[in-house]
Each structure stands twice: as C-alpha cells, then as structure tokens.
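Here is a friendly tour of a two-chain model, written for someone who likes to know the cut-offs behind each term. Have a look at the structure first, and then we will start from a single residue.

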Amino acid sequence: MMKSLIQKVRSRVNEIPTHAWLLGLLVATLIERLVGDAVAGSLGLGIIPRLFGVRYILTKPLLIPSMMAYLLVIYLVPISIVAWFSAPLIKKLPSRLSTPIFLLLLYGALHIWGGLDEYRLLVLQFILISILLTASLNLTNGYMGEFSCASGGFMAVGAYVTSVLTVWGFVNDDVFGPPALPPAIGPFMFPIALIIGGIVTALTALLVAIPSFRTRGDYLAIISLAYTFIIKSFLENLELVGGPRGFMHMPKWANLPVVFLWTLAGLWVMHNYVSSLLGKGAPGVRDDELAAEVMTVDTRRVKVITFMLSAFWTGVAGGLFAHVMGYINPATFGIMKTAEIMAMLYMGGLNSITGSIVGAVLLKFLMEALRPLQVAKWIFIPVIIIFFMIRRPWGLVSFREFGILRKEVKRAPASD
Amino acid sequence: MTLTAFLQYFANALQWGSFYALIAIGYSMVYGVLMLYNFAHGDIFMSGAYIGLFVCTGLLAISAGGLVSMPPWLILILTIIGSMIGTSLVGMFVERVAYRPLRNAPRASAAVTGLMVGLLLETTNLWGLGAERRHYPPLIKVMSYKIGGVSITNTKIMVIGVALLVMLIMHLIVHKTKMGLAMRACAYDFPVVPLMGVSIDFIAPATFVLGSSAAAIAGVLFSISYPVLEPYMGMLIGWKAFIAAILGGRGSIKGAMLAGYLLGFIEIFVAAIFPSTLRDLIAYSIALLILTFRPLGFFGEPYSAHMRL
C-alpha cells in the first residue's frame, strides 16, 4: 500500500516538465518578494538569506535550522505545490511555444529573485557572463579538442575596446574629453559597441590562429598563453587607457536583462553553430583530423572559424564584464582568469553547452558561498575541483544536452 | 652601450637565465615523457625555496646551539640536498594526486588538475605561513670581484656553475642510464613502453623527482641571490620557464637550457635598453615570433603517430 503510493508519487514527479518547476520557482520568488522579510524576521534571520543562506553554514551555524525552515517555507513547499498542480496544464502547451515560455519563466524568476538584493543581482550577472565565457571556450577546447589558454586575453581585448568606445562616445572623461555622441542614445548604441569589441577580438584571434593551426598539437596552447601575456603587458604599457592603474568611468549599462539577453544570444548562436554542417566539422577535427579531411571537411577553415567565433563571444563577455564592474585593470584578465574559466569548462563538461552552464553556475556559486573563508577559500576550491576531475575526467555533463538545448530527432515515417 | 656594460649585463643574464633553464628542464622532462603540461611546476619551484629556507634555518639553529658546529658551506650543501629531497616528495605527491588518476583521461583535464594543485600549494603556503615576505639568512659572505671593470659576485659564479653542473648531470641521466633509456622510450612511444616491461608507475614519479630536484636547486639558488620569498614567487617565473621549455622543443634538455638562457638574455637586455615595463611584452613577442617560424622549437621532433589526446 505504502510502497505503491511512493512509487506513484515518484513516477508523477518524474513526469513533471521543467517548465512546471520553473513556474514553481517564479511563484516562490514572488512569495519571497511579498513575505520574505516578514518570514526571515520571525525566524530570527534578520534579512532574507542572500544565496539560499549557504553562508550561515560557515559563519553562524546556530542559524542553520532557521535557514532550513526559511528555505522550506519560501522555496520548497511552493515550488512543489505549484509544480505538482501545474504539470498537467503545462503538458498541454503547444511545442512551438515551449522554448519562449521556458525563457520567459526563467527570466521572470531570475528578475524577481535578483531584484530583492544588490548582491544577488551582481552574482547573477557574473554567473551569466561566466556561462558565456565557458561556452565559448568550449567551442575550441571541448568541441574542437584544441587547448586554448587565450580566454583572459580575449576578454581583455573585448573589455577594453568596448569600454573605450562607450567612454569616448558617451561619457565626459579626462582623457577622451566630452562625449562625442549624445549620451541619451548611449544604451541603444551599447550593443554596437559590444559587437565591435567582439569583432576586434576575433581579428586579434586571427593572429593566434594563423601560426598555430599550421601544425597539429600543442602549439595553440603555448601561442595563446603567450598572447594572453602579451595583451596584458601591452595594456599595462598603454598610458591612454590608464596602464596598470586601470580604466574606469564606464557607464553600468550591463544590467540583468542586457546580460541575460546577450548570454542567451551567445548560447543560441554557438549551439546552432555546432549543430550546423560547418560546425560539425569541429568534433571531426578533434577525433581524427585526417579522417575529417578525407570526409571533405575543410579542417583549416573549420579551425579558424570556430576559434574566431569563440574569440568573438569571449570578447563580448569581456565587454559585458567591464560594464557590470564599471572599472577594469589589466591584472583582472591575467592567467588566473583563464584558469578559472578552464576550471569551469573542464568541471562542467566537454562538448556540451549544458555542461558549460552547469560548470559555470556551480563554480561561481561555490566561489561566492565560500567567501567567508577568505584565503582558505582557495584551498577548498582546488580540492573540490580536483575531486570532480578525478571522479569524472570528462566533466559532469559531457557529450550530452538537456532541456531545451536537446535536439528533437525527427524520424522520417517508415516508407517500406 | 660600452663593452664593460655589455659584459656586466652578460654576466647578469647568465645568472638570470640559469634559473629559467633549471626550471624549464622540469617542464620539458614531464612534457616529453608523459606528454602533459605540469602547470604546478612553478609552485614546485616555490616549495623548493621554502623547504630550503626551513632546512637552512633549522641547521643554523643546530649549529648555533653548539651541538654540532658546521661551516657555512656545509650548511649550504645540506640545504640544497634537503630541499631536493623535500621538493621531490612534493613532486611525487603532485604526480600521485593530480596526474596519475587522470592518465587515461583527456590531457587537458590533467592540465586543469595541475593548475589547481599549483593554486593549492600557493594558498596553503599563504594560509599556513602568512603573507609576509621571508628572507634567507646570509649563508655565504657575498664577495665581489672586479675583472676588467665588470663586477662579479661569488654567488653569481656559484649559480652559473651549479646550474651548468646540474644540467650536465640531468643530460647524463637521461642519455646514459637505463632509467633515462626508459624515459626516452616513453617520449618516443608511450603505449608500447609498458609492454616492454617498464612500469609507467615507476617512470612517471622518477621523472617528477628529477624535475623537482632541478626546481629545488633553482629555488635555493634563487633565494640566495634574491633573498625575498613570497608564496606567489613561482607563478610568473614558472610561466616564463614553461614558455622557455616549449621554445626549446618537446622533451629536449639542451633545448630547454638554450631557451632558458635565451629568455634570460632577452629580458636583461630589453630592460637595459628599453624601459623595463616593456620587458615582458618584448620577451613574449620574440618567443611568439620564434614559434611562428619554428613551431617545434629549437630541438623538437615531430610528433609520433601515437599522440595521446
């Protein structure tokens, strides 16, 4: 009796579509917005827990029960109830509307959740930018199987080019003088600045691509590493953009919707690219370059285009990063940034956009959650990453896609 | 630039290049034998310097306590030996934790665990010993000789001499011993070597021991010449030595040595002629140019068909 009930519930839960869970999350964030403060106050937490209260585990262990109660009341119960009862409704959705509704629900939940707290908003923005960075590194390192260490350098180029454009165009700055264009149109021209930043990054990527793709092997790794160092050193010597002191006064235009849309656009383009005929050459190059060549893949073209696309989106992410921070300096984009993105990629999973999302969210969340440990944080994070790498050398979600990223295979009706 | 100034810079460059060459050997060996980037090697160099500091301080305390009185040169030799042993253990630990479990995984995953182990070494040091800079006790009296207007200190001569000696020994180990033969066999055709009765689980740690010992010697010598130690000292010099190792060619000891000295020369002379902030920019650009025209480095051999990815 009991057992069959559990089985029934379990099968019902397994059938709940992702959309229903997201709807639940949206409702939960709405509830948090309405009564979050009151609940947190009555539980003795003071303010609403910022990142699901993970910090209390490290700083105030006595508050853990209150935190659990808060999570139960605000998130767990509403999400389960809503998901349970909306599942039949959502299953009736036409499949054409599935993706737009998924994205709307996701954005709504993120917007309300992030709108409650400045810190949450900042963490969300950084997580989204990291997703974009990781996915674009995945193009070269995961899909194409090369080893590029140029993420930091690409980010720096994109960030600096975009920032110089926006500061020159729309801000009254000491170096660049009064705004060259009317500041009112600034936010509308921001996408153009980002795209120019991305294009310039892709063109500098050509400098790396041309020498390194002549030979197979590890030369991309070394040349891209040297590229990162050269860019950093070059920027440190460029007095026009502040040299080692950094560059500031960027308008903070990259708010949550902007970052969300750009990340979405990036993932969409990259996902479509790797599903296209040209992009499918990239895994071919990874697995067996000679065989791919025999199968009419123009390997050189695939390599250069994949690398430049990756550089473009890394540059855009750099531009977004600069306009979230409002201040950049060359040291931000050093080898540590590259290492961070690589850790996200290889932990999340190769050859999968889903994997990049998982890795970026997980590591960024971990970095924020362990912040109270200060220096010791960088003891725990490497240990966790090494553990993950040893358990799953290909990453958590590799060679697979989930959710709306999964391609429906349309089978032709049997014609016999 | 006068001839005297040139000779002075030349001597400095020889010393500076010795450090790069010694560290680059470690990269080059691991890269040649196991085909992986040991990104933790710069931090192994840092560990070498710190272990040397502890051994040296301990020995000085024993010596001052009057139990056994040791002359400074003996302390120096014991420091180098102690640091070599300690750092070899660190190197074996890195191999065991970060690389052995991933031997059949994508090489890039192993590179990431290497990076993380390096970060772990740095932070453990920072966390355990604090951020303050540490100083080596003055072991040997620095004496300066003037030869035709060029001043050369005895530490400088020692650094260059020891570095050349170590590189000669490494070269002999790799080319004249049975273990060296096994290592070269690994570099030549990795999958076949175990079939010939050579245990990879022995060759891999042995490679790390050799590379780490060279890094330990570099660490002690570096801290005698520039007596300031900090947890992040291995990072920059490590990355540069990595580039030197690649410039030298895959797995080639003489290549690593040549490229290490070349990098030292470029850096010292760029700093002498241009503003010193341009040093990294020009050094890396020259490295990039060399790789563009010689993608395999100075003494690199083309890849065999059995490249593991």
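## Starting from one tryptophan

Leaving aside residues up to four places away in sequence, Trp168(A) touches Phe176(A) and Ala180(A); a contact here means that the C-beta atoms of two residues, placed from the backbone, lie within 7 Å. Trp168(A) sits in helix 7 (residues 151–170) of chain A. Helices (H or I, at least four residues) and strands (E, at least two) are DSSP runs, numbered from the N terminus.

Trp168(A) and Pro179(A) are 11 residues apart in sequence, and their C-alpha atoms are 6.0 Å apart in space. Is Trp168(A) exposed or partly exposed? Trp168(A) counts as partly exposed because it has 16 C-beta neighbours inside 10 Å. The scale behind that label calls a residue buried if 20 or more other C-beta atoms lie within 10 Å of its own, exposed if 12 or fewer, and partly exposed in between, with C-beta atoms placed from the backbone.

## Model and confidence

This is a predicted model, in which local features need pLDDT of at least 70 and side-chain atom pairs count only at pLDDT 80 or more, while totals for chains, interfaces and linings use all residues. Residues are numbered from 1 along each chain as its sequence is written, and chains are lettered from A and ligands numbered from 1 in the order in which they are written.

The model scores ipTM 0.87 and pTM 0.90. Chain B averages a pLDDT of 87, and 97% of its residues score at least 70; pLDDT is the predictor's confidence in each residue, from 0 to 100. The pLDDT is below 50 over residues 305–309 of chain B, a stretch that has nine contacts in the model beyond near neighbours in sequence.

Chain A has 16 helices and two strands. Its radius of gyration is 23 Å, close to the 22 Å from the globule rule for 416 residues, so chain A is as compact as a globular protein of that length. That radius is taken over C-alpha atoms, and the rule is 2.2 Å times the number of residues to the power 0.38. Along the principal axes, the C-alpha atoms of chain A fill a box of roughly 70 × 70 × 45 Å. Buried residues make up 44% of the 416 residues in chain A.

An automatic or database domain assignment gives chain A domain 1 (14–114) and domain 2 (119–405). Their C-alpha centres lie 30 Å apart. In chain A, 15 residues of domain 1 are in contact with 14 residues of domain 2. On the domain 1 side, helix 3 (54–59) and helix 5 (95–115) of chain A each give two or more residues, and helix 5 of chain A has the largest share, eight residues.

## Chain B in outline

Chain B comes to 10 helices and two strands, in the order α-α-α-α-β-β-α-α-α-α-α-α along the sequence. Of the contacts in chain B between residues at least 6 apart in sequence, 79% join residues at least 24 apart.

## Where the chains meet

## Nonpolar cores

A nonpolar core is a set of buried Ala, Val, Leu, Ile, Met, Phe, Trp, Tyr and Cys residues joined through C-beta atoms within 7 Å. In the largest one, of 194 residues, Ala226(A), Leu22(B), Ala24(B) and Ile25(B) touch the most other members. Helix 1 (residues 3–34) of chain B gives the most to this core, with 16 residues. Apart from it lies another core of 18 residues, including Leu22(A), Val82(A), Leu105(A) and Ala109(A).
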